[in-house]
Amino acid sequence: MRTLLITGPGGSGRTTVAAATALHAAREGTRTLVLSADRTDTLGAVLGVATGPVPTEVAANLTAWRPDATARFRDDLGAFQERAANVLDLLGASRLEAEEVTPLPGAEELTLLRALRDAALAEAHDLLVVDLPAAPQALALLALPEELRRYLRRLLPAERQAARALRPVLGRLAGVPMPSEWLYETAGRWDLELGAVEAVLADRDTVVRVVAEPGPAGADAVRDTVLALALRGLRPDVLVANRVLPEAVADALPGQVVQQRKVLEEWQESYDVRAVRQLGHDPRGADDLVALAVPGVDDTVSAVEWPVEDRLAEDGVLVWQLPLPGAIRDELDLIRRGDELVVAAGAFRRIVPLPSALRRCTVDGASLREGELRIRFAPDRDLWPQRP
């Protein structure tokens, strides 16, 4: 199954483009599911059919699904209370009843990730179109599985599970109960679930598409979004320039038309830009979505390789190449921590594991040229294999 993740600046019309893209694919005979996490039914308003927690057939080959974050959060909290019953009783905690539970911030995003995983594993569709939140929230969402798995492994490392037999003894010596088995079982289950989501996001059949309205604000947002995606080893398959004014209104709106043309020309130098015209009204229903003529989904991939160049013979170093289009030299920061590298680019940051060969090296410098960060690693003579 192919997965298309669609995001963009707030107010850019990404939900409309997602709905139109899904409808376009369905009309070509592709079994398509369009997924959204909006608490309000923006997707249903665009499609002309109400959507909700039960997948709804919108048209031939097209299903829409907007999972209920409240219900999922309530179920998860109830299950947690059951598993943690002993600890809660020890602390004298009062249980929360189902009717008093409301979802915390971020519940919609977690629900969307689970729905994404479930839809991918079900394999009931050929294409999954995901209406992600606005770009800042979407970027945090894409990073969430990797970051949570890292936290889990640091806080509850798998090696500690080998000490299960010692916990009752340690508990008696310390005078307080040790962490229960359910804690490690829960951590293991979460790790598996997050790993499944991470696998979907990292799959080569998963592509990211950015939607933005051409203009100064849209240009800034696209630059930041593309940089943040690059930090995750991703690039958009196409940039959808939404609500492009037709030439017929150039006399009535000369300033806006000229501004859009300028930004479009700049975008076309760096991205595969597909223009979607302004209809003159908010698109509603199948006829309007078809009239938008959005680009289809092809075999383009979003994953970008971060290769290690062997320059040991020439310069005595290995060079790790990280494409970071839009990065600014003064806003880059690198920190080596054990077998990980902290890479910060502007407001964005990622902790990445080093390739195995680089773990036996020390950082020897870095440079940024033409949108590519090149980090030099010199072999650590105490760790590097010595030639006989």
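This is a predicted model: local features need pLDDT of at least 70, side-chain atom pairs count only at pLDDT 80 or more; totals for chains, interfaces and linings use all residues.
Biologist: In what order do the strands of the open sheet lie?
Modeller: Strands (E) are DSSP runs of at least two residues, numbered from the N terminus, and two of them pair if DSSP finds at least two bridges between them. The edge strands, each pairing on one side only, are E3 and E8 (273–277). With 8 strands and mixed pairing, the order is E3-E4-E2-E5-E1-E6-E7-E8.

Biologist: Which residue of E4 is the bridge partner of Thr56?
Modeller: Strands of a sheet pair through backbone hydrogen bonds, either parallel or antiparallel. E2 (residues 32–36) and E4 run parallel, joined by 4 bridges, whereas E3 (residues 56–59) pairs with E4 in the antiparallel sense over 3 bridges. In E4, the partner of Thr56 is Ala64.

Biologist: Which residues of strand E4 point the other way from Leu62 and Ala64?
Modeller: In a regular strand the side chains alternate between the two faces of the sheet. E4 spans residues 62–65, and all are buried (under 20% relative accessible area, with a 1.4 Å probe and protein chains only). Leu62 and Ala64 point one way, and the other way point Thr63 and Trp65.

Biologist: Which helix gives the most to the lining of the largest pocket?
Modeller: Helices (H or I) are DSSP runs of at least four residues. Elements that each supply at least two lining residues include H6 (135–155), H8 (181–202) and H9 (216–231). With 13 residues, the one that gives the most is H6.

Biologist: How many residues of this lining are charged?
Modeller: Asp, Glu, Lys and Arg count as charged. Among the residues closest to the pocket centre are Glu146, Glu198, Arg232 and Arg350. The lining has 22 nonpolar and 2 polar residues, and the number charged is 13.

Definitions and conventions. Residues are numbered from 1 along each chain as its sequence is written. Side-chain values use heavy atoms; hydrogens and water are left out. On a 1 Å grid over the protein atoms alone, a cavity is a set of points where a 1.4 Å probe fits but cannot get out, and a pocket is an open set with protein on both sides within 12 Å along at least five of seven lines; lining residues have an atom within 4 Å of a point. Buried means under 20% relative accessible area, exposed over 50%, partly exposed in between (1.4 Å probe, protein chains only).
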